[in-house]
Amino acid sequence: MRESDVAVTAPDAAAEIRRHRDAIDDLDGRIIALLAERRRTSSEIQRIRKGSGGPGLDHSREEIVLARYGDVLADEGRQVASAVLSLCRGKLPQTGPSAA
């Protein structure tokens, strides 16, 4: 029997899982911080664009972001990009009858 075939004991497995979960928690914290930074940066771009008379959204730029995530992460990447874009868009001004 090879060493790699030896079953991991429950305490060893629990410790290993805990280490991996700690790593995931660290990664999640970093992702959240990066998303907050991205949201602030996106808000600044929107402020500048609107201040110069431009539109709040740049649909061609959003398509580039969707494609970039999709190229690396396939369809799920496009879903992640869509969520990131939605998060970073902020509140859009409402139009129509419900805007009152």
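Q: What share of the contacts with a separation of 6 or more comes from residues 24 or more positions apart?
A: In this predicted model, such residues account for 39% of those contacts. A contact here is a pair with heavy atoms within 4.5 Å.

Q: How many helices and strands does the protein have?
A: There are two helices and zero strands. Helix 1 covers residues 10-51, and helix 2 covers 59-89.

Q: How do you know that the span of helix 1 agrees with its number of residues?
A: Helix 1 has 42 residues.

Q: What comes just after helix 1?
A: Gly53 sits there, with a positive phi of about 90°.

Q: Why is Gln46 called buried?
A: Its relative accessible area is 11%. Buried means under 20%, so Gln46 counts as buried. Gln46 lies in helix 1.

Q: Why is Leu85 called buried?
A: Leu85 has a relative accessible area of 8%. The limit is 20%, and 8% is under it, so the residue is buried. Leu85 is in helix 2.

Q: Which residues does Leu85 touch, not counting those up to four places away in sequence?
A: They are Arg38, Glu62, Val65 and Leu66. Leu85 and Ser42 are 43 residues apart in sequence, yet 9.1 Å apart in space, C-alpha to C-alpha.

Q: How much space lies in the largest pocket, and which residues are closest to its centre?
A: The largest pocket holds about 330 Å³. Of its 15 lining residues, Arg38, Ser42, Ile45, Arg61 and Leu85 are the closest to the centre. Helix 1 and helix 2 are the elements that give two or more residues to the lining.

Q: Is Glu62 buried or exposed, and why?
A: Glu62 is at 13% relative accessibility. That value is under 20%, so Glu62 counts as buried. Glu62 is in helix 2 and touches Leu57, Leu85 and Arg89, with residues up to four places away in sequence left out.

Q: What makes Gly70 a buried residue?
A: The relative accessible area of Gly70 is 19%. The cut-off is under 20%, so Gly70 is buried. Gly70 belongs to helix 2. Beyond residues up to four places away in sequence, Gly70 touches Gly77 and Arg78. Gly70 and Ala81 are 11 residues apart in sequence and 8.0 Å apart in space, C-alpha to C-alpha.

Q: Why is Ala74 called partly exposed?
A: Ala74 has 43% relative accessibility. Ala74 is in helix 2. Its phi is near 60°, a positive value in a residue other than glycine.

Q: What share of the 100 residues counts as buried?
A: The share is 11%. The protein exposes about 8,200 Å², and carbon and sulfur atoms supply 57% of that area.

Notes
Residues numbered from 1 in each chain as written. Predicted model: local features only at pLDDT ≥ 70, side-chain atom pairs only at ≥ 80, totals over all residues. Heavy atoms only, no water. Helix = DSSP H or I, 4+ residues; strand = E, 2+ residues; numbered from the N terminus. Buried < 20%, exposed > 50% of the residue type's maximum accessible area, 1.4 Å probe, protein only. Areas by Shrake-Rupley, 256 points an atom, 1.4 Å probe, with all protein chains shown as cover. Expected span 1.5 Å × (residues − 1). 1 Å grid on protein atoms, 1.4 Å probe; cavity = no way out; pocket = protein on both sides within 12 Å on 5 of 7 lines; lining within 4 Å. Points joined across faces, edges and corners; volume = space filled by probe spheres on them.
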